[in-house]
Every structure is written in C-alpha cells, then in structure tokens.
Amino acid sequence: MAKSEENGKPVRVYADGIYDLFHFGHARSLEQAKKLFPNTYLLVGCCNDEVTHKYKGKTVMTGSERYESLRHCRWVDEVIPDAPWVLTQEFIDKHEIDYVAHDSLPYADASGAGKDVYEFVKSIGKFKETKRTDGISTSDIIMRIVKDYNQYVMRNLDRGYTRKDLGVSYVKEKRLRVNMGLKKLHEKVKKHQEKVGEKIQIVAKTAGMHRNEWVENADRFVAGFLEMFEESCHKMGTAIRDRIQEQLKRQQLRGLLYDKEDDDDDDNDDYFYDDSTEEEEYYENEDEK
C-alpha cells in the first residue's frame, strides 16, 4: 500500500509517453491509470521534441501541442512537460510518485541505459499494468495518411494550400489534378450507371407485378376472338344455306311452269315428245345436290 493511501490522500499515479496525434487509445490508457485506485491523482509526463526526435523520431505535433492535448483529457490531473525518457529515483521522489502505469510490453530503451525503459520501476515494485487498445496507434494513423498521400495532398490543394506549402513540385501538382479529375469523372459515370440500373430494376419489378394480369387479359382476348370467329362462321353458313334453298325453290317453280305449258300443247301438237322422265331425273339430281 502506498504512503499516500495510508494517509488517506490520493494515490499519485504517473503515466508517460509521447502522445503524438492524441487519440482515443491514449485516452483509454489514461482512464485505466486514473481508475487503478478509488482515489487517484494522475500525473502525465510528456517528452519534449528534442528528446523524442532523438530517441523515437520526428513527431507530427510539437511538444507544446502535445502538452495542450493532454491538458484537455478528462482523466489527467496534471501534465509534466519535458519528462525524462527513462525514469529515475530522483524524478520519482521529486514528484512523490507512488506508482507508474503503462502496458506490460517491454519498451525498448533507445538511450542505451537498459533493455526496457520501465526496468527500474518494475524492479522496485512501483509498476502498474494497463492494457493497450488494439487497432489504433499514432503509427497506424500516420500509415493511413502515407497510404492515401495523393488524396490528402489534393484535399489540401482544394482547401487553398499551395504546392509550396505541401512541398509538392509543379509537375506533381498538375499530375495529381489530372488524376483526380479522371477519378471524379469515373465516379460520376459510375453513379449514372447505378441510376440507370435502378430504373431498369424498377421497370423489371413493375413488369413482374403485372405479368399474371397480362396473361389473364391475353387469354380473355384470345377466347373473345375465337367466339366472334365462330359466330361469324355460323352466320356465314346460315346465309349460304338460305341462298341454296332459295335457288332450289326457284328451280322447282320453273319446273312446274314447264309442266303446265306442256299440258296445254298436248291437243294441238301432232308430234308428242315425253320429257317428264328427263325432267324428273334432272330435278332429282338437283335435289341431291
């Protein structure tokens, strides 16, 4: 148990780092440090630009910007600028640090003082472990920017930055603008194709919805046509039959008139020709037709 905790005072927990491009992974680690004890006073040390550039490399944000980012984190009670790369007993005593919080993975000591910058703190029993947040880190964010470098250059050019501000040559700028113009044209064509495809799908769906109705109407139209055709054929057949019967009646009437004329001429003619048999056979044949 820490002396501060025994005296009823807040436990003084120290966490340090570079905190470049301060992100939620940083905030979560500081939250864990803050919640190590019911009553915790969290001190956060941040290395300056000189030390950081010497042992880790160039940062995106300046030391002042990184300090200010930490001051706006809700879990931080105090920010210690110009923090040392490797903690010493003198530094721990000066700030009355009870525990040091960090993830348990060995952090290579680029200064050459040891294998792990937290080796000394671990050896004296003042180390408290926190967990890293997977999927987020300053290096990951920088990699995203590097991967899409051209897009970010164009983004800033469109926002008013000059090629000199971005360290881009004249030829590079023109090539990027041409490529981005082609990309926008491709996106525009793609959107147009998608709209056309949506319209085609709507037409296809509409046709599918009315397909059964169309089939039923087609069946009804065909049935109606056949009914009308059958009725017309029936009427035509009746008319033909009536005309044939009318012709037969006329022929029978004509035959009767011929018979009457023959009877009237029997007494006056010396020569008699019997044509009844021929007439009967003729009319019988006509009746059969």
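1. The side chains of D158 and R177 meet in a salt bridge, with N and O 4.0 Å apart (a salt bridge is a side-chain nitrogen of Lys or Arg within 4 Å of a carboxyl oxygen of Asp or Glu). This pair links distant parts of the chain, 19 residues apart: D158 sits in helix α8 (residues 149-158) and R177 in helix α10. Helices (H or I, at least four residues) and strands (E, at least two) are DSSP runs, numbered from the N terminus. D158 and R177 also belong to a network of salt bridges with R163 and E173.

2. The model is predicted: local features need pLDDT of at least 70, side-chain atom pairs count only at pLDDT 80 or more, and totals for chains, interfaces and linings use all residues. Residues are numbered from 1 along each chain as its sequence is written, and side-chain values use heavy atoms, with hydrogens and water left out.

3. The structure holds 10 salt bridges. One of them joins K35 to E31, the closest N and O atoms being 2.7 Å apart. K35 is exposed, at 52% relative accessible area, while E31 is partly exposed, at 25%. Here buried means under 20% relative accessible area, exposed over 50%, and partly exposed in between (1.4 Å probe, protein chains only). Another salt bridge is formed by K131 and E129, at 3.1 Å from N to O.

4. Which way do the residues of strand β4 point? Y99, A101 and D103 point one way, V100 and H102 the other, and all are buried. In general, side chains in a regular strand alternate between the two faces of the sheet.

5. Strand β4 (residues 99-103) has two parallel partners listed here: strand β1 (residues 11-17), over 2 bridges, and strand β5 (residues 127-130), over 4 bridges. Strands pair if DSSP finds at least two bridges between them. Y14 stands opposite V100 in β4, and A101 has K128 in β5 as its bridge partner.

6. Helix α2 (residues 24-34) has G25, H26, A27, L30 and A33 as its buried residues. Their cover includes β1, β2 (40-46), α4 (63-71), β4, β5 and α7 (138-147).

7. S69 lies in helix α4, and its side chain reaches the backbone oxygen of E65 at 3.0 Å. Not counting residues up to four places away in sequence, S69 touches F22 and M61 (contact means heavy atoms within 4.5 Å).

Terms used
A polar contact is a pair of N or O atoms within 3.5 Å; within protein, one must be able to donate a hydrogen and the other to accept it, and residues adjacent in sequence count only if both atoms are side-chain atoms.
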